[in-house]
Amino acid sequence: MNLGEAGLNEQPFRTHGKPLSLVSYASFKETLKVFEQTRTLRKGLCLLQGPTLSGKSTLIHHFVESLPEDASVAVVDGSGLNTTALLQAILRQFGYDLDQSSAGELLGMLRVFALHQAASHEPPLLFIENTHALNPSALRVLSELADLSVRGQRALKIVLASDRSLRPVVDAPVMANIARRVTHDFHLRPMTEAEAGDYLYAKLRAAGSLVPESVFPAETCRELWGASGGWPGILDRLALLSLAKAETVPVQPETVERPLLPQATWDEALTAEAEKELGPPPDAPTLFVTHDGQTIREMKFTRSRLIIGRSEHNDISIPSKFVSRHHTLLVRQGNRTFLMDLHSTNGTFVNAQRVSHQVLAHDDVIRIGNHRIKFNDPRAKKREPIEGMDFGDTAVMKTLEDLRRQLAKDNTAILPVLDDEFPASGA
């Protein structure tokens with residue numbers, strides 16, 4: 001079915017670029033209010049969290065476009081940025097024409113700019129998307145920038161956005177300057193069924209439909225809402241796919257696909273808070289991640305499971321072509337730590353020997369691609385034999401279910417997307 005047969009002049013459910021129309025709903029309004037408060041409070045710093053396709057980028061760009069022309073604003077995607085790349089991206093957004101400057105020079109330029117703007121006009125506003133994916137060195141410089149102040153107020157107002165809870169990042173010792181500044185720890189909420197129906201009909205009207213109910217009847221709207229979880233980006237994609245699959249209007253509920261849905265970030269935040277209250281188990285193992293002989297990350301293994309791989313959704317993300325998307329799983333059970341290779345392409349090695357399953361011992365060195373992870377657990381001085389260990393028991397099965405939910409996050413991010421002028425049968 002083509003657009004004309006549905007009574008539409010253009011594509012209502014755009015999956016990239018600027019939306020045809022912006023439709024307000026409760027969480028949408030609340031987010032814009034939080035942004036404005038962040039901009040005006042003397043130490044405003046907001047954590048904006050919501051799963052993939054929850055509308056974070058749309059909200060950020062809509063708010064930026066609503067600001068006065070003389071407002072200094074930078075919107076930067078933090079994915080994979082190191083210190084130099086982050087500073088360059090921010091300065092370019094603020095209008096700088098950069099040459100081959102060092103990280104120190106770039107930081108100095110940004111300091112001078114922020115302090116001057118805050119003193120003479122108003123503090124610049126910085127949005128960082130995908131904050132969780134910043135290089136550790138970039139996170140350190142971001143924390144340093146957060147400490148700039150002039151005349152009793154912070155010289156840079158900041159919004160940190162992520163598709164997962166940012167509390168584990170903010171609570172790291174190196175991020176202390178940011179942690180003490182947080183004024184809003186905000187998690188996006190999905191639309192209600194009524195809001196989703198209004199959202200669909202408003203977009204259909206904007207695209208030319210005089211009677212949107214004749215395109216998506218109430219039962220189809222209800223099915224789209226349930227299948228999308230109420231998240232606007234997923235709702236747009238499912239509505240687009242349903243229009244493409246339907247042979248005629250009204251579009252029937254049977255055309256609606258049901259993808260795996262991401263976990264809401266407030267669920268992650270509550271889990272992290274509960275674990276924080278309980279505190280880490282005594283003598284929790286420590287993992288030292290190294291590359292080319294340099295330690296790039298040190299972390300306590302305080303949870304029941306940990307996933308390592310190339311995808312940014314892993315607990316330890318290693319952006320290397322030699323590492324599979326989801327490469328290795330570590331499981332804690334009592335005082336024992338199990339390692340499971342997740343059918344990776346290049347294999348997982350423990351002390352230079354390729355393994356599929358392994359009970360780890362103190363000072364074991366795990367090699368994944370060109371990275372090494374040293375396992376430090378003085379209680380695990382003797383390597384227990386793999387034989388007799390029940391990898392099919394309840395605890396491990398629950399861990400594998402957790403892994404499937406983790407994989408679902410990635411799957412949602414790559415939902416099938418048609419071109420806005422979708423090629424439909426009969427077009």
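Trainee: What makes the contact of Glu10 with Arg14 a salt bridge?

Mentor: The closest N and O atoms of Glu10 and Arg14 are 3.0 Å apart, and a salt bridge is defined as a side-chain nitrogen of Lys or Arg within 4 Å of a carboxyl oxygen of Asp or Glu, so the pair qualifies. Keep in mind that this is a predicted model, in which local features need pLDDT of at least 70 and side-chain atom pairs count only at pLDDT 80 or more, whereas totals for chains, interfaces and linings use all residues. Residues are numbered from 1 along each chain as its sequence is written, and side-chain values use heavy atoms, with hydrogens and water left out.

Trainee: Why is Glu10 called partly exposed?

Mentor: Buried means under 20% relative accessible area and exposed over 50%, with partly exposed in between (1.4 Å probe, protein chains only). Glu10 has 29% relative accessibility and therefore counts as partly exposed, and Arg14, at 28%, is also classed as partly exposed.

Trainee: Which parts does the salt bridge of Glu65 and Lys18 tie together?

Mentor: The side chains of Glu65 and Lys18 meet at 3.7 Å, N to O. Glu65 lies in helix H2 (residues 56-66) and Lys18 in the segment before helix H1 (26-40), so the pair ties together parts that are 47 residues apart in sequence. Helices (H or I, at least four residues) and strands (E, at least two) are DSSP runs, numbered from the N terminus. Both Glu65 and Lys18 are exposed.

Trainee: Are Arg332 and Asp377 buried or exposed?

Mentor: Arg332 is buried, with a relative accessible area of 13%, and Asp377 is buried too, at 0%. Their side chains meet in a salt bridge of 3.7 Å, N to O. Arg332 lies in strand E12 and Asp377 in the loop between strand E18 (371-376) and helix H12 (394-413), so this pair ties together parts that are 45 residues apart in sequence. Salt bridges that share partners also join Glu36, Arg39 and Glu122 into one network, and a search of the whole structure finds 16 salt bridges.

Trainee: How do you know that strand E12 pairs with strand E13?

Mentor: Two strands pair if DSSP finds at least two bridges between them, and E12 (residues 328-333) and E13 (residues 336-341) are joined over six bridges in the antiparallel sense. Leu329 stands opposite Met340 in E13. Both strands belong to an open sheet of five, in the order E11-E10-E12-E13-E16, with mixed pairing. Its edge strands are E11 (316-317) and E16 (357-359), each of which pairs on one side only.

Trainee: Why is strand E2 described as largely enclosed?

Mentor: Four of the five residues of E2 (residues 73-77) are buried, so the strand is largely enclosed by the rest of the structure. Five bridges join E2 to strand E3 (residues 125-129), and the two run parallel; Val75 stands opposite Phe127 in E3.

Trainee: What makes strand E6 mostly covered?

Mentor: Six of the six residues of E6 (residues 157-162) are buried. Lys157, Val159 and Ala161 point one way, while Ile158, Leu160 and Ser162 point the other way. E6 runs parallel to E3 over four bridges, with Phe127 opposite Val159, and parallel to strand E1 (residues 45-49) over five bridges, with Leu47 opposite Leu160.

Trainee: Which residues touch the most other members of the largest nonpolar core?

Mentor: A nonpolar core is a set of buried Ala, Val, Leu, Ile, Met, Phe, Trp, Tyr and Cys residues joined through side-chain atoms within 4.5 Å. In the largest, which has 51 residues, Phe35, Leu48, Phe127, Phe216 and Leu243 touch the most other members. Helix H10 (residues 232-245) supplies the largest share of this core, six residues. A second, separate core of 37 residues includes Leu47, Leu86, Leu106 and Ile178.
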